[in-house]
Amino acid sequence: MLRNKVPFIFLFAALHLLIIKELSAQTPKLIKTIIVDAGHGGTDVGATGQYENSLRSKEKDVTLAIALKLVDELKKQLPGVKVVPTRTTDIYQKPTEKARIANEFHGDLFLCIHADSGPLKQGKRQVGTRMVTKYKISYTGKGKKRKKHKTAYEVEEPVYEYFKIPLTRSGTSVWIFAAHKTSDKLKAIMDGDENFEIEADGVDSLETNIDFNSPQGKIIAAIYAKRYQERSDRLAALVNEEVENTGRAALGVNQRRVGIWVLQATNMPAILIETGFINNPEDERYINSEQGQQELAEAITKAVQRYKAQVESMNNTTPAPPPAVTKNNLKDPAGKNTAPALAFETRPTKDTKTIEVKNNKIEVDIYDDGEIDNDIVSVYYNNKLLVDKKSLTTNPHSMTLTIEPGKANELLLFADNLGTIPPNTALMIITDGKKRHEVRLSADLKNNALVKFELKNNN
Ligand SMILES: [Zn+2]
């Protein structure tokens with residue numbers, strides 16, 4: 001409707017600005033509505049406790065109990081936020097129905113509660129013996145006189161009982177939609193509301209009609225899909241952390257390749273929490289207990305509170321804070337620099353390489369190593385941000401670095417977002433006078449990569 005009233009050229013200019021804005025920084029966003037989905041329901045039972053002596057609990061009941069506690073906890077801790085459960089009773093919903101509710105309520109977050117399972121091995125044990133009659137066959141005579149004789153005899157045979165061996169695996173894991181499924185997410189966005197909400201300039205949202213089949217629309221949808229993935233990953237990391245804080249095994253953030261349709265079909269950041277393994281005895285008892293359910297609801301709520309605070313404090317001039325905010329980040333020795341903490345400080349550095357150089361000025365070119373898959377990285381040199389959230393391509397990011405003697409000159413690679421083929425691998429070509437070094441570094445959402453340059457020009 002609006003589309004016909006807005007001159008095309010204006011709309012095009014506005015979209016163009018939005019695209020640039022989106023690419024350069026994340027716009028602020030208020031978390032106003034949270035959708036909580038109790039996985040499965042009704043005839044869709046989900047996983048069930050199957051091992052010997054299990055509680056025979058059903059995933060659909062566990063998810064509903066935890067989801068209801070989560071809804072209560074979110075309402076209690078975030079009074080201004082609307083919390084919408086997809087179901088509050090034992091009803092069947094198609095995944096499309098769950099996604100429709102989430103999209104119709106304009107959720108800013110979609111939290112799916114599930115319980116994990118896995119194939120159970122069968123065990124057998126002897127429970128007794130029984131006598132079985134068998135027959136011995138023998139023949140007498142030859143030719144036409146040949147005769148068959150059947151002699152019965154008794155044997156003792158063991159009697160076995162078969163049972164299902166419980167899973168040894170336990171813990172909580174968090175899932176986001178797989179990067180290569182971005183196209184599905186994009187489709188959900190494109191098929192979404194006619195009044196697609198565009199956040200303009202951090203002020204109010206501009207409601208407009210966008211044709212997502214237009215080139216501009218496609219770009220916007222792609223940007224949104226990418227951003228939802230970043231946000232989903234941020235929230236997932238926080239949930240994992242809060243679960244870990246309870247002392248429970250936190251199995252990390254994963255990208256599932258198949259089967260989380262609902263995560264891909266919702267037009268908002270979405271995570272799926274596998275609260276525990278229904279076929280692990282300890283986990284089954286935990287996710288069925290009032291105390292366990294409440295603990296999980298509280299941990300997830302804490303993560304949502306942290307996520308909300310992070311997302312809402314973002315502005316257009318500062319980079320997005322990292323998933324994990326530690327006390328260290330809050331320190332600001334200068335007192336005047338209000339820039340947020342350096343993102344890399346929250347992750348350990350795994351891939352470290354040391355290069356000896358002869359010159360105190362070197363050139364570094366950073367390329368994507370291998371297939372170009374939209375890796376987005378930031379590069380820091382001696383804690384100073386040199387490259388801010390740029391995608392790695394075959395066109396290098398080039399920089400000149402000053403190497404100081406007797407100092408650890410550290411060039412750090414931080415993955416802001418994994419491309420479609422994780423981890424983010426960068427090829428660095430280092431030109432040190434006439435010498436060239438090639439260094440391959442790999443960073444992911446958990447670990448940074450680092451090159452140390454040591455000056456050796458005395459000999
Ligand atoms: Zn499930």
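**A sheet and a helix in a predicted model**

Strands β11 and β19 (residues 448–455) run parallel to each other, paired over 8 bridges. Strands count as paired if DSSP finds at least two bridges between them. Strands here are DSSP runs of E, at least two residues long, and helices are runs of H or I, at least four, with both numbered from the N terminus.

Numbering starts from 1 along each chain as its sequence is written.

Now widen the view. An open sheet of 5 strands has the order β11-β19-β16-β13-β14, with mixed pairing. The edges are β11 (349–357) and β14 (384–391); each has a single partner strand, so one side of each lacks a neighbour in the sheet. Strands of a sheet pair through backbone hydrogen bonds, either parallel or antiparallel.

Next, turn to helix α4 (residues 95–104). Its buried residues are Lys98, Ala99, Ala102 and Asn103. Buried means 20 or more other C-beta atoms within 10 Å of the residue's own, exposed means 12 or fewer, and partly exposed lies in between, with C-beta atoms placed from the backbone. Down the axis of α4, the buried residues fall within an arc of 130°, so they line one face of the helix. That arc is taken from the directions from the helix axis to the C-beta atoms. Thr96 and Glu104 are exposed on the other side of α4. Just after α4, histidine 106 has a positive phi of about 50°.

Terms used:
This is a predicted model: local features need pLDDT of at least 70, side-chain atom pairs count only at pLDDT 80 or more; totals for chains, interfaces and linings use all residues.
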